[in-house]
Amino acid sequence: TPGWVAIGLDLHMGYMASFDQDLVLGTNQFLPGGQALEIMAKANENVSAVAVLDFNPNLIGGIPKTQEIYGLVRGLPEGAYAKFGTFHRSYGLGLADEGSLVRSALGFSFDIDSSYSTGFEVGIFPSPVFLNAALFNNSFASGQKSFSVKGGVTLSEFTLGGSLYGQSLDWEALALTDGRFRYALFGWARLDPVVLLLEYDGGYNGV
C-alpha cells in the first residue's frame with residue numbers, strides 16, 4: 001500500500017468440545033470468531049481516518065458491517081488527541097477478545113452492537129498519567145447522550161486505572177428503569193515473560 005495507507009487484519013478462532021454420556025450430542029469443532037479488516041488513511045502525520053469492517057460469520061446474512069469509522073487528530077501537546085465518528089466506547093482494559101469475560105453481560109464487548117456509539121472523544125497522556133472522556137449518542141434511547149471517562153497511571157512495569165460510564169447526563173435519570181451506570185477498576189503488571197491483567201466491573205440497570 002502507499003505510505004499514507006495502513007491495513008491490518010484481526011483474526012480470532014475458537015474450539016469447542018462438549019460430550020454427553022451417550023456421545024450422541026457431543027460437539028467437537030473449530031469455531032470462527034471475529035474477523036476484522038482495519039484501514040487507516042492519513043491526510044498527514046497527525047490527521048487520519050480509520051474504518052474497521054467486521055466479517056463475523058455470525059452476523060445476520062453473513063454480510064460484513066462497519067464497526068468503527070472515525071476521524072482522528074493526534075500529535076497535540078502532551079500526547080493529546082481527538083476523534084469523532086462511530087467507535088468503541090473507551091472503558092476498562094479494552095481487550096479485543098473480552099467477549100469471553102464477564103463484561104459482555106454489562107454491555108461492553110466488541111461483539112455487541114451497542115458497544116459502538118457515534119460521538120466525540122478527547123484524551124491526553126502527560127506521562128505517566130492518561131485521561132480521556134467521550135460524549136456520544138445513547139444506544140438505548142434516541143435523543144439522549146451518554147458519557148464515558150477513563151484515566152489512570154501507567155509505568156514501565158504496571159498500570160492502574162478506572163472507568164465510568166453513564167447512559168444519561170442526568171444523574172437522577174441513571175436511577176430510572178432505563179438508566180445504566182457502570183464502573184471499573186483495572187490494571188496490569190509485567191512479570192517477564194508473563195503479563196497479568198485484572199479488571200473489576202460493577203454497575204446497575206436502573207431500579
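Residues 24 or more positions apart account for 40% of the contacts in the protein chain with a separation of 6 or more, where a contact means heavy atoms within 4.5 Å. This is a predicted model, in which local features need pLDDT of at least 70, side-chain atom pairs count only at pLDDT 80 or more, and totals for chains, interfaces and linings use all residues. Residues are numbered from 1 along each chain as its sequence is written, and side-chain values use heavy atoms, with hydrogens and water left out.

**Chain overview**

- The protein chain has zero helices and 11 strands; helices (H or I, at least four residues) and strands (E, at least two) are DSSP runs numbered from the N terminus.
- From the N terminus on, the order of elements is β-β-β-β-β-β-β-β-β-β-β.
- Of the 207 residues in the protein chain, 34% are buried; buried means under 20% relative accessible area, exposed over 50%, and partly exposed in between, with a 1.4 Å probe and protein chains only.
- The accessible surface of the protein chain is about 12300 Å², and 64% of that belongs to carbon and sulfur atoms. Accessible areas come from the Shrake-Rupley method with a 1.4 Å probe, and for residues only the protein chains shown count as cover.

**Nonpolar surface patch**

- Ile124, Leu131, Val149, Leu164, Tyr183, Leu185 and Tyr200 make a nonpolar surface patch of about 610 Å².
- Patches are made of residues with over 30% relative accessible area and no salt bridge; like charges are joined within 9 Å, and nonpolar side chains (Val, Leu, Ile, Met, Phe, Trp, Tyr) within 5 Å. A salt bridge is a side-chain nitrogen of Lys or Arg within 4 Å of a carboxyl oxygen of Asp or Glu.
- Leu131, one of the patch residues, lies in strand 7 (residues 129-137) and is partly exposed, with a relative accessible area of 43%.

**Aromatic pairs**

- The structure holds six aromatic pairs. Rings of Phe, Tyr and Trp (its six-membered ring) pair if their centres lie within 6.5 Å; planes under 30 degrees apart count as stacked, over 60 as edge-to-face and the rest as tilted.
- The ring centres of Phe136 and Tyr165 are 6.3 Å apart and the planes stand at 10°, so this pair is stacked.
- Phe136 lies in strand 7 and Tyr165 in strand 9, so the pair ties together parts that are 29 residues apart in sequence.
- Phe136 is buried at 1% relative accessibility, and Tyr165 is buried at 2%.
- Tyr81, Phe125 and Phe130 are linked into a cluster by ring pairs.

**Buried polar residues**

- Glu121 lies in strand 6 and counts as buried at 2% relative accessibility.
- The side chains of Glu121 and Tyr81 are joined by a polar contact of 2.5 Å. A polar contact is a pair of N or O atoms within 3.5 Å; within protein, one must be able to donate a hydrogen and the other to accept it, and residues adjacent in sequence count only if both atoms are side-chain atoms.
- Not counting residues up to four places away in sequence, Glu121 touches Tyr81, Ala82, Lys83, Phe87, Ser90, Asn132, Ala133 and Ala134.
- Glu121 and Ser148 are 27 residues apart along the chain, and their C-alpha atoms are separated by 9.0 Å.
- Ser163 lies in strand 9 and is buried at 4% relative accessibility. A polar atom of the Ser163 side chain lies 2.8 Å from the backbone nitrogen of Gly92.
- Beyond residues up to four places away in sequence, Ser163 touches residues including Tyr91, Gly92, Val149 and Lys150.
- Gln67, in strand 4, is buried with a relative accessible area of 13%, and its side chain makes a polar contact of 3.2 Å with the side chain of Asp54.
- Gln167 lies in the loop between strand 9 (158-166) and strand 10 (181-191) and is buried, with a relative accessible area of 3%. Gln167 and Arg180 are 13 residues apart in sequence and 5.2 Å apart in space, C-alpha to C-alpha.

**Backbone geometry**

- Most residues other than glycine have a negative phi, and most peptide bonds are trans.
- Glu78 is not a glycine, yet has a positive phi of about 60°. Glu78 sits in the loop between strand 4 (65-73) and strand 5 (81-88) and is exposed, with a relative accessible area of 51%.
- Ser127 and Pro128 are joined by a cis peptide bond with omega about 5°; Pro128 is in the loop between strand 6 (116-124) and strand 7.
- The peptide bond from Asp192 to Pro193 is also cis, with omega near 5°, and Pro193 is in the loop between strand 10 and strand 11 (194-204).
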